[in-house]
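Hello,

Here is the structure we talked about. Please look through it, then read the notes below.

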Amino acid sequence: KPSEPTMTGKTQTSNVTNKNDPKSINSRVFIGNLNTAIVKKGDIEAIFAKYGKIVGCSVHKGYAFVQYMSERHARAAVAGENARIIAGQPL
């Protein structure tokens, strides 16, 4: 179901990143070694939004997934953010 726009007019991204659609797997990025005690969903979305439209973001203990509209965006995000230091830990 589509998410409702927030008061700021931005639509919130879904928490669902585990779709069973085989095509969506290639547009999903796994973010490991994440300090989730400090880094929150909004922080991840702010960092990864520059690579393309994020349709989903799920945060778990120590890692997260970002689901993009396209595989091209996911590949750009991996290339651009791999080993970046966030909250003292390399992604």
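**A buried loop residue**

Asn35 counts as buried because its relative accessibility is 16% (buried means under 20% relative accessible area, exposed over 50%, partly exposed in between, with a 1.4 Å probe and protein chains only). Asn35 sits in the loop between strand 1 (28–31) and helix 2 (41–48). Helices (H or I, at least four residues) and strands (E, at least two) are DSSP runs, numbered from the N terminus. Beyond its neighbours within four places in sequence, Asn35 is in contact with Ala87 and Gln89 (contact means heavy atoms within 4.5 Å).

This is a predicted model: local features need pLDDT of at least 70, side-chain atom pairs count only at pLDDT 80 or more, and totals for chains, interfaces and linings use all residues. Residues are numbered from 1 along each chain as its sequence is written, and side-chain values use heavy atoms, leaving out hydrogens and water.

**Salt bridges**

The structure has four salt bridges (a side-chain nitrogen of Lys or Arg within 4 Å of a carboxyl oxygen of Asp or Glu). One pairs Glu81 with Lys50, at 3.3 Å from N to O. This pair links distant parts of the chain, 31 residues apart: Glu81 is in helix 3 (residues 71–81), Lys50 in the loop between helix 2 and strand 2 (54–60). Glu81 is buried, at 3%. Lys50 is exposed, at 56%.

Glu81 also bridges to Arg84, with the closest N and O atoms 3.0 Å apart. Shared partners join Lys50, Glu81 and Arg84 into one network.

Arg75 and Glu71 form another salt bridge, at 2.4 Å from N to O. Both lie in helix 3, four residues apart, about one turn of the helix.

Best wishes
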